[in-house]
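This report describes a structure made of protein chains.

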Amino acid sequence: MQCEDIELFLEQEGLEPLPEAARNHLAECAGCRNYVADLTSIVDVANKLPTEIAPPERVWVSLRAQLEAEGIIRTPAPVSGSAEPASWWYSVQAFFSNRGFAAATVGIVIVAGAVFEIARDRAPRDTAGSPEIARQITPAPAVTSSSTQQVKPVAPPRSQPPTTFTAPAEFASTAQALDDQEPLATGLIASSNSTIDASLRDNLKKVNEFIADCERHLKEQPQDELTREYLSAAYQQKAELLSAMIERGRSIN
Amino acid sequence: MCPSMRVTPVRQATRLLLPVFAAGLFFAGVSPARAASQRVEKQFNVTSHPVVVIHNVASGRIEVKSWKNAHQVDIVGTQSSNKIAFDIEQAGDRVDVNANILDASAQPLELEANLQLTVPEETELQLKTETGLIYVEQVNGDMKLESYGGDVHLKEVSGYVIVKTTGGSLVCTQCAGKLDFSSISGNAQLLQPQLNNVNVMTTTGNILFDGAFIRTGLYSMRSGKGLVEVRFSSNDSFDLQAQTSTGFVDNRAADFLKPDNHKVRTYASKVIHGFVGTVGAGLAKVELSSYSGTIRIMRRD
């Protein structure tokens with residue numbers, strides 16, 4: 001029996017029992033003895049390994065969400081719809097159940113905030129009595145000093161009851177979008193008692209209080225550009241915080 | 001030796017498999033119940049300027065120090081239970097470390113994972129953790145450090161340093177280069193800095209700058225509700241602008257702060273309180289602001 005025969009035999013029959021011819025060859029061939037010894041060690045070590053543990057479900061959920069977010073896979077549409085259409089709330093939940101959508105939405109909010117800021121910076125800044133400032137204070141259709149140029153109506157007041165103070169007109173849609181995201185973000189970590197989630201909730205409260213404070217001050221002093229800058233930064237921080245809460249909520253759920 | 005003996009692919013694979021199985025046995029643990037507190041240590045060879053990326057979703061401390069060995073990264077991870085797993089791998093000069101939670105139902109005490117790194121002095125860092133201290137000492141390179149609740153302590157680091165926290169505070173001692181810090185409720189302390197570009201923003205935290213302003217440096221420190229305190233040296237040279245909406249400017253160095261000699265700055269709005277002044281030739285530019293907090297300016301010496 002030659003070395004190739006030993007290899008072939010072990011591949012097909014395993015380690016035991018070795019036939020007489022193979023044992024004779026091993027007695028003479030150190031290379032094959034080492035080979036058999038290696039195989040024996042591998043089998044011994046493999047037998048000592050713990051039973052394979054299935055990863056928790058959240059690993060698969062997270063993996064799937066990541067793959068969906070990257071567009072590698074897509075969630076198949078339901079095969080058979082129920083008799084009754086789902087409520088609008090379930091549609092919203094379904095939309096935001098994907099981390100990619102949620103992150104994108106928060107990103108859009110940030111971009112929207114930035115766009116508003118840029119638009120505001122480009123607009124002429126006049127005194128408190130100017131039409132520009134007046135338009136910011138009063139969210140109603142307005143006409144510029146040049147009567148030929150019609151100004152688009154400012155966003156209407158929120159349909160939901162305002163919290164404490166209304167955001168300045170240029171921030172209205174940003175504030176609204178963030179307010180819409182807040183229940184989703186807080187809901188995802190609502191059941192968690194961990195220190196970090198408590199900290200996130202506490203910081204959200206602080207940002208909200210600061211935003212309300214700035215909004216109130218801007219209502220009284222609409223020409224205060226410093227407060228406007230702080231309010232813009234606070235909206236951005238809130239957007240990032242909500243994004244972090246959503247990401248964390250997805251991971252713990 | 002058998003004359004027909006040769007190293008076939010099967011034999012090669014067998015030789016490779018043996019150490020792999022042995023390593024698997026070592027890291028998996030013979031019995032899961034036995035693994036209460038575990039320690040993992042790994043060394044990675046790098047060519048130069050490695051990038052170390054850490055994402056620690058567990059609680060625990062990340063400590064990074066440097067050594068003179070420019071071609072090796074040493075990582076020691078300790079974990080409180082086997083409900084956390086370190087995933088450490090190298091791709092070229094990048095070393096990725098992830099601490100993952102394996103059991104979401106684990107108790108907080110079981111989810112502690114500490115990492116201790118020793119890296120070349122010239123190393124780029126990207127560290128992200130949820131809680132626990134991030135400590136970096138004597139590392140030169142760009143770094144981005146993110147934490148929700150953990151503090152960030154930097155000592156003798158240099159480069160472009162970005163720190164983002166939610167509630168964690170920053171203590172930066174003898175740091176050099178450029179620093180960006182943003183936080184909601186975290187404080188920032190910059191002690192004996194050699195920074196030539198500072199951008200610090202916190203919504204409710206406090207800011208302390210205690211050190212020299214480098215000539216031609218740019219410094220912006222803003223706090224929504226907190227205290228902004230600057231302690232400068234009489235040898236410094238800077239233009240300073242301090243402004244607040246509803247807060248208070250506490251100028252304890254009025255004798256040294258001359259009215260701005262460039263005559264170009266005026267406040268756009270009368271509702272903002274503050275002043276503009278110059279120390280020395282006004283070479284550096286310092287902007288301090290607070291929405292409703294106090295801005296305190298004082299001399300160190």
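Among contacts in chain A between residues at least 6 apart in sequence, what percentage join residues at least 24 apart? The share is 64%. The model is a predicted one, and the confidence of the prediction is therefore discussed alongside the fold, since pLDDT is the predictor's confidence in each residue.

**Chain A: helices and confidence**

Chain A contains ten helices and zero strands. Its pattern along the sequence is accordingly written α-α-α-α-α-α-α-α-α-α. Of the 253 residues in chain A, 24% are buried.

The average pLDDT of chain A is 68, and 54% of its residues score at least 70. Among the elements of this chain, helix H9 (residues 195-220) of chain A has the highest mean pLDDT, 92, whereas helix H7 (residues 131-137) of chain A has the lowest, 32. Two stretches of chain A have a pLDDT below 50. Over residues 77-92 of chain A the pLDDT is below 50, and beyond near neighbours in sequence this stretch has one contact in the model. Over residues 118-163 of chain A the pLDDT is likewise below 50, yet this stretch has 42 contacts beyond near neighbours in sequence.

Helix H8 (residues 172-188) of chain A can be examined in more detail. At 1.5 Å a residue, its 17 residues should span 24 Å, and the end C-alpha atoms are 25 Å apart, which agrees.

**Chain B: strands and sheet**

Chain B has one helix and 25 strands. Buried residues make up 43% of its 301 residues. For contacts in chain B with a separation of 6 or more, residues 24 or more positions apart account for 50%.

Twelve strands of chain B form an open sheet with mixed pairing, in the order E1-E4-E7-E3-E9-E11-E13-E15-E17-E19-E25-E21. E1 and strand E21 (248-251) of chain B stand at the edges; each has a single partner strand, so one side of each is left without a neighbour in the sheet. From one strand to the next, the twist averages 10°.

Strands of a sheet pair through backbone hydrogen bonds, in either the parallel or the antiparallel sense.

| Strand pair | Sense | Bridges |
|---|---|---|
| E9(B) and E11(B) | parallel | four bridges |
| E2(B) and E6(B) | parallel | six bridges |
| E2(B) and E8(B) | parallel | six bridges |

B:Glu137 stands opposite B:Lys155 in E11(B). B:His55 stands opposite B:Asn98 in E6(B), and its bridge partner in E8(B) is B:Lys128.

**A loop residue of chain B**

Where does B:Ser48 lie? B:Ser48 is found in the loop between strand E1 (38-45) and strand E2 (51-56) of chain B. Is B:Ser48 buried or exposed? B:Ser48 has 10 C-beta neighbours inside 10 Å and therefore counts as exposed, the cut-off for that class being 12 or fewer. B:Ser48 and B:His71 are 23 residues apart in sequence, while their C-alpha atoms are 6.2 Å apart in space.

Note on methods
Residues numbered from 1 in each chain as written. Chains lettered and ligands numbered in written order. Predicted model: local features only at pLDDT ≥ 70, side-chain atom pairs only at ≥ 80, totals over all residues. pLDDT = per-residue confidence, 0-100. Helix = DSSP H or I, 4+ residues; strand = E, 2+ residues; numbered from the N terminus. Contact = placed C-beta atoms within 7 Å. Buried ≥ 20, exposed ≤ 12 C-beta atoms within 10 Å, placed from the backbone. Pairing = 2+ DSSP bridges. Axes fitted to C-alpha atoms, helices over the stretch in contact; angles between N-to-C directions. Expected span 1.5 Å × (residues − 1).
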